[in-house]
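Q: Could you walk me through how to read a few features of this model?

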Amino acid sequence: MDSTNLSMVWPAAGVAVLWFCVQRHVRTLWVDASVLAAITVSVNMATGANLGLAVVAVAANLIQAGVFVVLLARWNPGLWTRGSAIGPRDLWGLLGAAALATLSGVAIGPTALWLITGQYSWMAAAVWLARNTAGILLVGALGLFAGRAVTTPGWVAAARARLARTSPWRTGEYLAVALGSLVAYLFVFGINHTLPLAFALITLTVWAANRLSTTFVVVHNLTVGTIAVVYTLRGDGPFASVGPHAAKALIVQLFIALVAVVGLALALGRDERAALLRELAASQQDATRRAELMRAVIDSMGDGLTVVDADGRITLRNPAAARLMGGVVSPDDTVRDSEHYGVFHLDGTPVANEDMPHAQVLAGHDVHEMDILIRNDGVPGGRIVSVNATALPDGHGHDSVVLLFHDVTAERRHRDELATFAGVVAHDLLSPLTVVQGWTDAASESLDAVPPALDRAQAGLGRVTRAATRMRGLISDLLAYTTTRDAVMAPVSVDLTVLVDDIVAARTDTALASDAPVPEFFIESLEPVHADLVLVRQLMDNLIGNAIKYTAPGVTPRLHIAATRRGDVVRVTVIDNGIGIPTGQHDAIFDNFHRAHHTADYAGTGLGLAICKRIVERHGGTITATDNPAGGSRFTFTLPAVTATRWPLDRSVLSATT
């Protein structure tokens with residue numbers, strides 16, 4: 001521009017940083033630095049600089065490029081990765097790295113000139129900062145977008161496809177913006193020399209940035225910047241009237257940088273919004289597909305599904321739920337009382353509103369396999385439905401309830417038929433057994449007076465009697481097991497101390513009558529339980545009877561019975577001095593027909609402990625068996641305490657439709 005070798009534009013700064021960014025991982029980077037140094041010295045000396053100034057320029061350019069590469073690699077290492085999106089934050093990172101890199105060049109170039117010439121030019125430093133930053137921004141952005149485009153596999157075919165998809169209106173808009181920008185800049189910089197209209201040209205950049213592709217905006221910025229520099233160098237345009245060359249160069253570079261930053265900021269912001277909108281649309285489409293799939297799955301379920309919120313509104317109900325309820329639904333999707341739906345207990349009594357499954361869950365209780373009877377105009381014959389209900393938290397304290405309905409009418413009826421059949425068969429088997437046993441006893445008594453020659457017949461009749469006795473015991477146990485599984489439970493307050501005392505008295509009388517060792521009992525004060533009296537009596541009698549029966553010959557049975565309360569349950573322990581349980585069978589002894597001592601001379605069907613387990617589980621408790629350290633066994637089970645606030649539901653089916 002003048003005798004000081006001041007340049008108005010320096011695109012070589014952008015070329016250098018772009019080159020070193022691409023080559024940053026190459027091992028022979030020193031070769032690139034050497035070539036840059038040679039070119040810098042040659043160009044500067046060819047344009048009138050001495051060797052000292054040329055060396056200063058080499059140092060400034062190398063440090064400037066190095067600082068830019070280091071900063072960009074630290075701030076945005078993925079900027080040069082193909083396929084990664086470029087956003088406004090990348091622009092500010094690029095601009096910040098360019099400004100700091102140029103500042104490092106300013107710290108070397110003008111400072112070295114000051115040391116050589118003895119004069120420091122603040123304006124020259126400002127021009128250096130502005131022109132190099134603008135050069136890095138324009139050339140760097142062009143290289144970034146163009147390089148990412150041309151290094152993408154199949155970029156030519158992709159570009160043709162994009163052109164083919166571009167509508168004629170959008171193509172016309174591209175041409176109009178390009179032609180309008182060219183005409184406007186030529187008019188402002190080439191024809192009109194008096195009016196300061198350069199600021200109005202930014203509107204064209206804003207239009208392109210908001211409407212057209214970012215690559216077009218980058219090319220547009222470089223083109224209009226070139227026009228501004230060329231015409232200003234020729235002395236034309238609104239900036240040509242500025243007197244000092246340094247001020248003129250500074251203003252032109254600031255104008256170019258402003259156009260570039262505004263265009264890129266708007267274009268990249270628009271691209272980012274478009275990408276976010278595409279992601280949002282894709283997420284919405286995916287959510288819609290998932291919702292439709294979930295709805296289709298729910299609607300195709302054979303079991304009913306209903307969701308009720310904390311206010312009693314039905315937010316979801318599949319067709320199966322309405323069908324299982326006999327088609328009776330709430331017109332306003334608000335849960336009505338049990339009478340509206342025709343909900344009854346299996347014994348025919350209506351279900352109270354507070355005992356409805358959703359009400360129990362909202363009150364803090366769990367509902368698992370609750371059997372209810374649905375009888376209304378839609379199902380006049382009645383339908384037994386098993387209900388499972390669980391809470392569905394929403395994270396804000398407004399829980400909903402998920403209700404699952406399963407039609408168990410056929411299952412319950414089939415179970416009732418099997419239970420009835422088993423009872424009839426067992427009862428019918430007892431009649432011929434009674435006859436066999438009676439006549440066997442009569443024949444045995446008659447043979448008592450016969451000479452010893454008939455001892456063999458007497459022994460045979462004894463075997464028949466023992467076989468009939470075993471068969472009677474098996475049938476009785478089968479009846480007991482069926483009763484404990486399916487009979488109605490009537491929970492009441494049971495005084496365990498009185499109940500156990502009664503069983504102990506009966507067992508003591510039996511021992512005295514049979515001339516057997518009288519068991520010794522150590523009974524603590526037992527906590528009362530809330531349970532079915534008949535079933536608890538059978539439970540305790542089975543455990544006490546087993547403890548007495550499985551005692552070694554010649555040993556007096558000793559039993560210790562205790563009960564302690566823990567919260568809402570009572571823990572009962574029965575400890576004996578019997579023969580114990582074989583290793584590894586402490587869980588198996590509760591299985592049906594399992595006999596731990598099948599080779600020993602102890603009679604039994606293997607159903608006694610299975611009956612005990614069934615009774616305890618129907619009351620919501622557990623039962624376990626362990627070894628007594630002093631010899632024998634220890635049985636521990638739990639039952640509800642009398643003050644328990646909740647009672648496990650009886651899941652038996654008494655009558656399907658009556």
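Q: Is leucine 71 buried, partly exposed or exposed?
A: Two notes come before the reply: this is a predicted model, where local features need pLDDT of at least 70, side-chain atom pairs count only at pLDDT 80 or more, and totals for chains, interfaces and linings use all residues. Residues are numbered from 1 along each chain as its sequence is written, and side-chain values use heavy atoms, with hydrogens and water left out. Buried means under 20% relative accessible area, exposed over 50%, and partly exposed in between (1.4 Å probe, protein chains only). Leucine 71 has a relative accessible area of 17%, so leucine 71 is buried.

Q: Which cavity is the largest, and what volume does the largest cavity have?
A: Rolling a probe the size of a water molecule over the atoms shows where empty space is left. A cavity is a set of points, on a 1 Å grid over the protein atoms alone, where a 1.4 Å probe fits but cannot get out; lining residues have an atom within 4 Å of a point. Grid points are joined across faces, edges and corners, and the volume is the space filled by probe spheres set on the points. The largest cavity here has a volume of about 230 Å³. Its lining has 20 residues, with Thr306, Met325, Tyr341, Leu403 and Phe405 nearest its centre.

Q: What lines the second largest cavity?
A: Its lining residues include Ile86, Asp90, Leu91 and Phe145, around about 50 Å³ of space.

Q: How many salt bridges does the structure hold?
A: Side chains of opposite charge can pair when their charged atoms come close. A salt bridge is a side-chain nitrogen of Lys or Arg within 4 Å of a carboxyl oxygen of Asp or Glu. The structure holds 14 salt bridges. In one of them, aspartate 309 pairs with arginine 313 at 3.2 Å, N to O. Aspartate 309 is buried at 11% relative accessible area, whereas arginine 313 is partly exposed at 42%.

Q: Which residue forms a salt bridge with arginine 383?
A: Aspartate 407 does, with the closest N and O atoms 3.5 Å apart. Arginine 383 lies in strand S5 (residues 383–392) and aspartate 407 in strand S6, so the pair ties together parts that are 24 residues apart in sequence. Strands are DSSP runs (E, at least two residues), as helices are (H or I, at least four), numbered from the N terminus. Arginine 383 is buried, at 16%, while aspartate 407 is partly exposed, at 30%.

Definitions and conventions
On a 1 Å grid over the protein atoms alone, a cavity is a set of points where a 1.4 Å probe fits but cannot get out, and a pocket is an open set with protein on both sides within 12 Å along at least five of seven lines; lining residues have an atom within 4 Å of a point.
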